[in-house]
Amino acid sequence: VFLIGKKAIGFIRRFAGRSFERAGVEAGASKFLKSLIEVCLYGILVFMIAGQLGLNTASLVTILGTASLALSLSLQGTLQNFAGGVLLLLVKPFKVGEYIICPEGEGTVSMIGLVYTTLLTADNKRITIPNGSLANSTVTDVTAMEKRRLDLLVGIGYQADIKAAKEILERSFREHPLICKEEDITVFVDSLGDSAVTLGVRGW
């Protein structure tokens, strides 16, 4: 029973690995899920062997159930973060290398672990965020899309030539190598302040 079960578990683990790979599951999540499947199957195999040997499996189930309940209660927060990590790796709302903004901070994602996610801020500080809170909060992925709109506000004096200022702003955008020339560039009067006229300019 053990030898047949071991071969069957190896086959199922390899099949699951190929399925996760075809589905595009992250390497960390794939490794964890394969290990989880293997542990569960070996648990079933142990109970099958115990039944063949005439042992009382009901007592084993009761002991394991009680131990699992006590462990889950004592590690409730960690398990929540663990579940959040698995969810992030499966759903993939953001990836390593992308810049995100969340209630806990903002920065470039340097690592997505099973319990914590690490961000590097613009001033090179490291933020470690529990996955439980990340999975249950609003996350803005700044660099997910191929292009983004740039909005700038520029103040000019009331005595200045607004038409000339608009032409300068539009020309600055059109001549910049990172601005998409096929997209619209908009220059407009945003507001009238106490000492300046605020012009807005938008480009992609």
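The protein exposes about 13700 Å², with carbon and sulfur atoms supplying 61% of that surface; accessible areas come from the Shrake-Rupley method with a 1.4 Å probe, and for residues only the protein chains shown count as cover. The model is a predicted one, so to speak of what was kept: local features need pLDDT of at least 70, side-chain atom pairs count only at pLDDT 80 or more, and totals for chains, interfaces and linings use all residues. Residues are numbered from 1 along each chain as its sequence is written, and side-chain values use heavy atoms, with hydrogens and water left out.

On the overall layout, six helices and eight strands make up the secondary structure; here helices (H or I, at least four residues) and strands (E, at least two) are DSSP runs numbered from the N terminus. Along the sequence they come in the pattern α-α-α-α-β-β-β-β-α-β-β-α-β-β. Of the 204 residues in the protein, 25% are buried, where buried means under 20% relative accessible area, exposed means over 50%, and partly exposed is in between (1.4 Å probe, protein chains only). Take the contacts between residues at least 6 apart in sequence, and 50% of them join residues at least 24 apart; a contact means heavy atoms within 4.5 Å.

Five strands form an open sheet in the order 4-3-2-1-5, with antiparallel pairing. Strand 4 and strand 5 (140–141) sit at the edges with a single partner strand each, so one side of each has no neighbour in the sheet. Two strands are taken to pair if DSSP finds at least two bridges between them. Strand 2 (residues 105–112) and strand 3 (residues 116–120) run antiparallel and are joined by four bridges, and a hairpin of three residues links the two. Within this pair, Val 109 stands opposite Leu 119 of strand 3, while Ile 112 has Thr 117 as its bridge partner in strand 3.

Thr 117 also looks the other way along the sheet, standing opposite Ile 129 in strand 4. Strand 3 and strand 4 (residues 126–130) pair in the antiparallel sense over five bridges, and they too form a hairpin, this one with five residues between the strands. Asn 124 belongs to that turn, and its phi is near 65°, a positive value in a residue other than glycine. Asn 124 counts as exposed because its relative accessible area is 63%.

Lys 92 lies in the loop between helix 4 (76–91) and strand 1 (99–102). Its relative accessibility is 29%, so Lys 92 counts as partly exposed.

Leaving aside neighbours within four places in sequence, Asn 131 is in contact with Asn 81, Gly 84, Gly 85, Leu 88, Gly 113, Leu 114, Val 115, Tyr 116 and Thr 117.Arg 174, for its part, is found in helix 6 (residues 162–175) and is partly exposed, given its 37% relative accessibility. Residues up to four places away in sequence aside, Arg 174 touches Lys 181 and Ile 185. Arg 174 and Gly 203 are 29 residues apart in sequence, and their C-alpha atoms are 8.8 Å apart in space.

A search of the whole structure turns up zero disulfides, a disulfide being a pair of cysteine sulfur atoms within 2.5 Å. Cys 40 counts as partly exposed, at 44% relative accessibility, whereas Cys 102 counts as buried, at 8%.
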